[in-house]
Amino acid sequence: NTSNSSSALTKLTDDGSITVKLEPSPNPIKPNEQTQLKVSFFKPNTEEIQPHIDYDMIISETSTNKTIFQASNLTGQPGIPVHTAESIVTIPFTFPAKGEYTIKIPVYGILFNPIVPESVTFATHVE
């Protein structure tokens with residue numbers, strides 16, 4: 001198994017509208033070092049990009065369920081979904097400590113059409 005394939009995590013949203021791929025770099029993730037979290041949005045079960053996605057990214061500590069990062073906060077409009085036209089985004093984040101984290105990526109819209117929010121959740125281990 002190459003390090004490349006094991007570092008990418010791919011999941012379908014809970015209602016099956018979008019396939020979300022998460023690629024942390026570097027991997028394994030280390031605390032106090034900036035990690036680039038690359039997120040790609042694909043048409044369901046394909047590698048074909050689904051353009052124009054409204055989304056957010058919420059990182060929380062698994063044990064406490066405490067949110068430590070939310071992408072929409074970076075825009076100055078917390079809770080307002082972030083829009084991506086090309087549907088491949090890279091979000092820098094520095095994990096504060098070793099342990100287990102949860103990365104949740106809710107999707108709020110596809111091609112400028114709001115949808116009932118669907119999400120994927122990735123369990124992430126920081127060494």
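The following questions and answers concern a predicted model of one chain.

User: How are residues numbered, and what pLDDT do local features need?
Analyst: Residues are numbered from 1 along each chain as its sequence is written, and side-chain values use heavy atoms, with hydrogens and water left out. In this predicted model side-chain atom pairs count only at pLDDT 80 or more, totals for chains, interfaces and linings use all residues, and local features need pLDDT of at least 70.

User: Which element has the lowest mean pLDDT?
Analyst: pLDDT is the predictor's confidence in each residue, from 0 to 100, and its mean over the chain is 92, with 94% of residues at 70 or more. Over residues 1-6 pLDDT stays under 50, and the model has 1 contact (heavy atoms within 4.5 Å) beyond four places in sequence for them. Strand β5 (residues 58-61) has the highest mean among the elements, 98, and the lowest, 45, belongs to helix α1 (residues 3-7).

User: How many helices and strands does the chain have?
Analyst: Helices (H or I, at least four residues) and strands (E, at least two) are DSSP runs, numbered from the N terminus. From that terminus the order is α-β-β-β-β-β-β-β-β-β-β. The count is 1 helix and 10 strands.

User: What is the radius of gyration of the chain?
Analyst: The C-alpha trace spans about 40 × 35 × 20 Å along its principal axes. The globule rule, 2.2 Å times the number of residues to the power 0.38, is set against a radius taken over C-alpha atoms. For 127 residues the rule gives 14 Å, and the chain is close to this, so it is as compact as a globular protein of that length; its radius of gyration is 14 Å.

User: Is S60 buried or exposed?
Analyst: S60 sits in strand β5. Beyond four places in sequence, S60 touches N65, K66, T67, I68, Y101 and T102. With a relative accessible area of 7%, S60 is buried.

User: Which residue in β2 does L12 stand opposite?
Analyst: Strand β1 (residues 9-12) runs antiparallel to β2, joined by 4 bridges; two strands pair if DSSP finds at least two bridges between them. The two form a hairpin with 6 residues between them, and G16 in the turn has a positive phi of about 80°. Opposite L12 stands T19.

User: What is the relative accessible area of F112?
Analyst: F112 is in the loop between β9 and β10 and has a positive phi of about 70° although it is not a glycine. L111 lies in the loop between β9 and β10, with phi near 50°; L111 is partly exposed at 41%. F112 is exposed, with a relative accessible area of 58%.

Notes
Buried < 20%, exposed > 50% of the residue type's maximum accessible area, 1.4 Å probe, protein only.
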